[in-house]
Amino acid sequence: MAYDYEYFKKAIFDMTKIDLNSYKEKQMKRRIDTLIDKLKVVGYENYVKLIQTDKERFEEFVSYLTINVSEFYRNPDQWELMDKEIIPELVSKFGKNLKIWSAACSTGDEPYSLVMALSRHIPINQIKIFATDIDKQILEKAKLGIYSAKSIENVPADLKKKYFTEIGGAYKISDEIKSRVEFKQHNLLKDAYPKDCNMIVCRNVLIYFTEEAKDEVFRKYYDTLASKGILFIGSTEQIINYKEMGYLRKNSFYYEKP
C-alpha cells in the first residue's frame with residue numbers, strides 16, 4: 001500500500017504539478033482515501049485512471065485535496081489591529097496604491113475582507129488585491145461572491161449593510177468590491193511569486209504543509225515583500241525561526257521585512 005501511494009503521488013505530480021510530498025502524509029492520505037472510498041474505486045491506480053479520463057472527477061479531486069475553510073474577518077481582533085495600525089502604517093510608508101497579495105485565498109473571503117478593510121482608508125477605486133489559489137473550482141466560487149450568513153457574521157455591521165445583498169438566505173457581495181480583486185490560479189510550491197508586495201496575507205493554510213515546505217514558503221514570502229512590507233499569517237500558525245529568515249515580529253500574526 002505504501003508503494004501504491006508513492007506511485008499515486010508521482011502520478012498526481014505529473015498531472016497537476018501538485019507535490020503531495022510537501023503535505024503531511026498521514027493527514028493528506030486519509031483525506032484522499034476517504035474520497036476514493038466514497039466513489040467506490042478500488043486502489044490508487046484505478047483512481048488515477050478515473051481522474052485522467054473524467055474531467056469532473058479530476059476537478060473534484062483538486063477541490064477535495066485543498067483545504068477550503070474560510071470566513072470573512074476571521075479572528076476579528078486581528079482585523080481590528082489591521083484597521084487601527086497596519087493599514088495606516090502601510091499607507092504612510094507606501095502611499096495609497098498598495099500592492100497586496102492574498103495567497104491561498106480559497107473562496108475569496110480574505111481578499112474581499114481586505115478590500116472592505118482598506119475602503120475605510122483608501123478610495124475604493126484605488127484598491128487592487130491580487131488573489132491566488134491552487135484550486136480552480138474554488139476560484140470560480142470566489143468570483144461568484146455568494147456566501148452563507150455564518151461566513152459573513154464577523155463583518156462589521158456598516159460594511160455588511162453597505163456591501164452585501166441578501167438572496168434567499170445567502171449573501172451576495174457587491175460588484176464594487178468584486179471588481180477590486182484579480183483572481184488567478186497559483187501553486188505556492190511551484191509557481192513564481194509576484195515581486196515587491198507591500199503586504200502578503202496567507203492565513204491558516206501552511207499548517208497543512210511539512211515543516212520543510214512551510215519554511216520554503218515563508219522564505220519566498222520574505223523575498224517577495226518590499227522593504228518595510230508586512231506578512232499577515234493565521235492564528236494557527238507561527239514562524240519559529242523568523243529572526244533567522246530576517247523578519248521582525250510586530251505581534252503574533254504580523255511580521256515585517258526590515
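Just after helix α2, K40 takes a positive phi of about 60 degrees. That's a handy place to start looking around this model, which is predicted.

- Helix α2 covers residues 25-38, so to speak a run of 14 residues. From its first C-alpha to its last it reaches 20 Å, close to the 20 Å expected at 1.5 Å a residue.
- Which residues of α2 are buried? They are M28, I32, L35 and I36. These four sit on the same side of α2, because they cover an arc of only 100 degrees around the axis.

**Strand β7 and its neighbours**

- Strand β7 takes in residues 197-202 and is mostly covered, with 6 of its 6 residues buried.
- One partner of β7 is strand β1 (residues 100-102), and the two run parallel, joined by 3 bridges. Look for I100 here: its bridge partner in β7 is M199.
- Strand β8 (residues 225-233) also pairs with β7 in the parallel sense, this time over 5 bridges. M199 turns up again, standing opposite I230 in β8.
- What lies between β7 and β8 in their β-α-β unit? It's helix α10 (residues 211-224), and the unit is right-handed.
- As a general point, strands of a sheet pair through backbone hydrogen bonds, either parallel or antiparallel.

**An open sheet of three strands**

- Elsewhere, 3 strands form an open sheet in the order β3-β5-β4, and here the pairing is antiparallel.
- Strand β5 (residues 170-173) is joined to β4 by 4 bridges, and the two run antiparallel. To spot the pairing, find F164 and its bridge partner in β5, I173.

**Helix α6**

- How much of helix α6 (residues 109-119) is covered? Mostly all of it is tucked away: 10 of its 11 residues are buried.
- The buried residues include D109 and E110 as well as Y112, L114, V115 and M116.

**Aromatic rings**

- Searching the whole structure turns up 19 aromatic pairs.
- One of them is W79 with F232, an edge-to-face pair at 5.8 Å centre to centre, with 75 degrees between the planes. This pair links distant parts of the chain: W79 belongs to helix α5 (residues 76-94) and F232 to strand β8, 153 residues apart. Both W79 and F232 are buried.
- Y247 and Y255 also form an edge-to-face pair, at 6.0 Å centre to centre and with 70 degrees between the planes. Are Y247 and Y255 buried or exposed? Y247 is buried, and so is Y255.
- There's a cluster of rings too, made up of Y5, F8, Y44, Y47 and F61.

**Lysines over rings**

- Y5 from that cluster has K29 lying over its face, at 5.8 Å from the ring centre.
- Another case involves K257, whose charged end sits over the ring of Y222, 4.8 Å from the centre of that ring.

Technical notes. Residues are numbered from 1 along each chain as its sequence is written. This is a predicted model: local features need pLDDT of at least 70, side-chain atom pairs count only at pLDDT 80 or more; totals for chains, interfaces and linings use all residues. Side-chain values use heavy atoms; hydrogens and water are left out. Buried means under 20% relative accessible area, exposed over 50%, partly exposed in between (1.4 Å probe, protein chains only). Two strands pair if DSSP finds at least two bridges between them. A crossover is right-handed if, with the strands pointing away from the viewer, the path from the first strand over the helix to the second runs clockwise. The expected span of a helix is 1.5 Å times one less than its number of residues. The arc is that of the directions from the helix axis to the C-beta atoms. Rings of Phe, Tyr and Trp (its six-membered ring) pair if their centres lie within 6.5 Å; planes under 30 degrees apart count as stacked, over 60 as edge-to-face and the rest as tilted. A charge sits over a ring if NZ of Lys or CZ of Arg is within 6 Å of the ring centre and within 35 degrees of the ring normal.
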